Amino acid sequence: MKRKLTLFLSMITLVGALIIQQGCSKISMQKANELKETRQYAQAAEMYSKLSSSKKLSKELKQEATYKAAECYRKANEFKKAKRAYEKILRKEPKNSEALYQLGILTMKEAAEQTNLDIYKKAREYFSSYLNEVPGDENAFKKIASCDSAESWLTQESRFVVTNFRETNTKYSDYSPMIADKKDQALFFVSDREGGYNKKKIYGGTARFFSDVWMIELEKLKRGKYRWGKPRLVPGEINAKFNDGVQDFDRRYSTIYFTRCNGTDGKTPFCKIYEAKKRGNEWVEVTVLPFCDLDSANYSHPTLSPDGNNLYFTSDREGGYGGYDLYVVNYIKRGRTWSDPINLGNTINTSKDEMFPYYNSHDNSLYFSSNGHIGMGGLDIFRSEGVGNEWNEPENLRFPLNTGADDFGITFDNNNQFHGYFSSNRPGGRGEEDIYEFKILPLYFKLTGTVTDCKTGKPLPNSLVEITNDLDTVKISLRTNEDGDYDTVVLAEKATYKISVTNREAYYFDAEDNPRTITTVGLKKSHTFIEDFCLNPQLDFAKVLPIFYDLDKANIKPAAAKVLSDSLLPLLLKYPKIRIELGSHTDCRSSYAYNISLSQRRADSAVAYLISKGIDPRRIIAKGYGESQLINDCACEGRDIVANTKYDLGLSPITNMPIVAKKKIETGDQYIYKTYEPSEIKVINNIKYVPCDEYQHSQNRRTTFRIMDVNFDPNMKVVDSDDPNNQNAQIVIVKLEKEGNNYKGQVSANNVPSAGPSIFVDSDKMEISLIELKNLIERKALTPDALRGVTPQQVISGRIPPNASVVVDTLLIGTQELGKTYENVELQISSFTASYRLGFKVLDSTFGATFNKEESELALTHINKEALQDGPIDSKLTTPQEPKIDWNTIPGVIKLKVIEENGIKYISVMVNDKEAIMFNYEFTGRNTWIDVPTAIKLYQSKTIGKQHFTDGDKYKVEGVKFPSNQFEFEKMQLGETIVTDVKFKISDKAEYPTLGRAFFRKFKDWHEENGFIYLVPKPERGKK
């Protein structure tokens, strides 16, 4: 027998307690039925079992006896015998719904008790078969969900550590512990062991002694040590001749509330809640509580709120949701009595049983046991917060506190919120039910991270990290060290934090995702939050200044001086550490060399004006770009003048806002804008053009400034240097979508929408599919003379000779709004499903396009290559040049050979002293991950094992089940340096092993040069 059938454990143990003699009289169906009706299930089950195989009974009566035997065995908690009886029923009645349902529950218990995940599959099969007979039954769906949850809970790490509390346990039933002393030095519990109050008579429901309330106390030893004494009956009037138990106390431990069944004479047909007062060492003055005085239902399992105003209990009174429900009564001080019971509502209560409530003052939560919520098989312990009939969804406390057996009757120490006791009839105990002790491992939450520059990935020392929370007004302020790291912060439970990062001294005002929010609410495991931030300098921008010069003049006019005084000079004064480049541009008219000279003189004159206003000349670089960076198609160097430019959105030199307009000079420095007249717009090959008039040329004649850095040091020396600041203008970013190993985007030719999507691949070809070529021909967007090495008939028939191609007038990459059009582009004709297939290599070599793989962005530049014969001239004002570093001479530097294969760079790292892995690397990349084939190889070769994986859900891919999808190498060796604590993610998106910023932040600095990577280790703590 697995557990005692008393009220204190389950609804089936309702009173009806009869005093019987051991043994039974003549076996008959009538006698068995009488035993069952009086809830003497253990004896009734044995009698039914014998009757089910009797040759004197008909088949119908034997089947009835088998069913009743199964039912009684189940209610007597003889689960193995019950399971065999239900299986016997199914052999005769395969569709018996009650047998299917009960077998599902019993199999769940077996699975949880044995922690055997495979047995849960059989339980699911029983419930599924049951649903075929009783479609839509909500309880069956819950049980299937319980199987799924239990499988997960059995394999998850838990904060609970459970041990058998042997000091109280016997071969009998010992259960429902309750702390009985302010100092946690006494424990009350219920037991039906020998030596109870009624030493002669036996309870018919269990064929054992009646239950009593027992106690155990701590005894003081020498040297301040304690040990538990021997259990003894609680003195006084609590224990009577029949079943007593399940108790709670007021906060003074002067009043006890407890359950008594059958009254004092054994004739009362229900269980009721009583109270008693402590007088000296005895409990006396026993009285029944008024709300359960009538003999109409069972009231049991009382627990009191810390303030003594609310008493929670379980009852099967009318008006509930089914089985046993939890209720509360409120204490009425004026009348010194209790209110009518209030049902806690259907969030707590189900159609099954909710029992053994306990109010925990440490977290202001109600703990209770239920077999109606999603659980592990039997009664499980749940936790919920609320008041009245408004409660949060109950939380299952999971394995190992809960098992497939019945787990119930929890209590917590008064002085230690992480320690307590509960009872269970799980396998491995000493008796039917045992008391178990539990400890809760405290949760530890920590926060740490690094602050870097978003563009360079370099650490940002002295950044201010501010942390606030929603529990109090405390603000934590930290400064990052020279490596950009901020100190580890210990976080509280059930709190939400906001983290903001700034570095105003270096003009970094905000971070990406700033402020960032993290929370410990709902977390069940200790966790270290690693929150890395990168900061963008707020002054990192370029701007067009409305400075205009007279023809062939470089002097600053009054209007231009005003622009410099109103916009640029205040910026330089406000931010004394910034250094800028002031650049001047011309249109294409006149020679390249002349325009370079003119633009340089103009830039120098603007710089000279700022110097005259007190700006340090070392803070400004004058740059003359001439006509090298036109922002439209009005180019005229080295070829015939282009009379038209595409009708694009331009930028106003005054407002820097997009406009489609022409400039009309009226008087002085006044400018008026108006849209082009329709007669001025020409359409060539379905593309709109406007003339290269004075407005278009004025767009190119612009003066710009951009902030180079915020590191100006007035004590630095001026040295000669080369100027690296020539930048391409008008960059267009086209966003691509990753699809397998390739990328998908929009491409169209000759102003005709493509028949389908296009792909971008790592190749040196630009191709058009046969489908798209036919699409262009059908829309009459191609003439036969555009074809190379192929005829229109061959195209129609699909017979394409090798090396056949077509020249399109225009090729648009991206959309009209966000894209770039190229003219006279030759495309090879091939057979594939997409419309166009463009190679990144040829896009780079032909159009100067670059691809950012991490962001899936294609950058298309617009620059006048013909005007870059000699490059822009250097400024007359020089800037300091950082001294050339010889990385080979840095003490302790790690030098790694870069290996390049198929355009991908790798370095070799030895992991766990077992295997060298070729890692791709991205110094500031987001991803530190391992591709699936490599992960499988490492796992199967035992280079990494279960101990290397971090907590998380199991991760199954390509037939291999990993403990989770994240792990750490014990050891990563690079030269003489060992790197640890780097988390790698197994990802099906990874193409090869990659080291990102999570790895490189382990080093003080890094550099790539001449086919080698140099890594500078961080100094040991306490060392410089």
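Analyst: The second largest cavity holds about 30 Å³ of space, where a cavity is a set of points on a 1 Å grid over the protein atoms alone at which a 1.4 Å probe fits but cannot get out. This is a predicted model, in which linings use all residues. Residues are numbered from 1 along each chain as its sequence is written, and side-chain values use heavy atoms, with hydrogens and water left out.

User: Which residues line the second largest cavity?

Analyst: Its lining, meaning residues with an atom within 4 Å of a point, includes Met108, Lys143 and Ser146, together with Ser370, Asn371, Gly372 and His373, and also Gly375, Met376, Gly377 and Gly378. By class, that lining of the second largest cavity has eight polar residues, two nonpolar and one charged, with Gly counted as polar.

User: What lines the largest cavity?

Analyst: Among its lining residues are Ser176, Pro177, Met178, Val246, Gln247, His301, Pro302, Phe356, Pro357, Tyr358, Gly409 and Ile410. Two or more of the lining residues come from each of strand E3 (174–179), strand E9 (244–249), strand E13 (299–304), strand E18 (354–360) and strand E24 (407–412), a strand being a DSSP run (E) of at least two residues, numbered from the N terminus.

User: How many charged residues does the lining of the largest cavity have?

Analyst: The lining of the largest cavity has no charged residues, but eight nonpolar and four polar ones, and Pro counts as nonpolar here.

Terms used
This is a predicted model: local features need pLDDT of at least 70, side-chain atom pairs count only at pLDDT 80 or more; totals for chains, interfaces and linings use all residues. On a 1 Å grid over the protein atoms alone, a cavity is a set of points where a 1.4 Å probe fits but cannot get out, and a pocket is an open set with protein on both sides within 12 Å along at least five of seven lines; lining residues have an atom within 4 Å of a point. Helices (H or I, at least four residues) and strands (E, at least two) are DSSP runs, numbered from the N terminus. Grid points are joined across faces, edges and corners, and a volume is the space filled by probe spheres set on the points.
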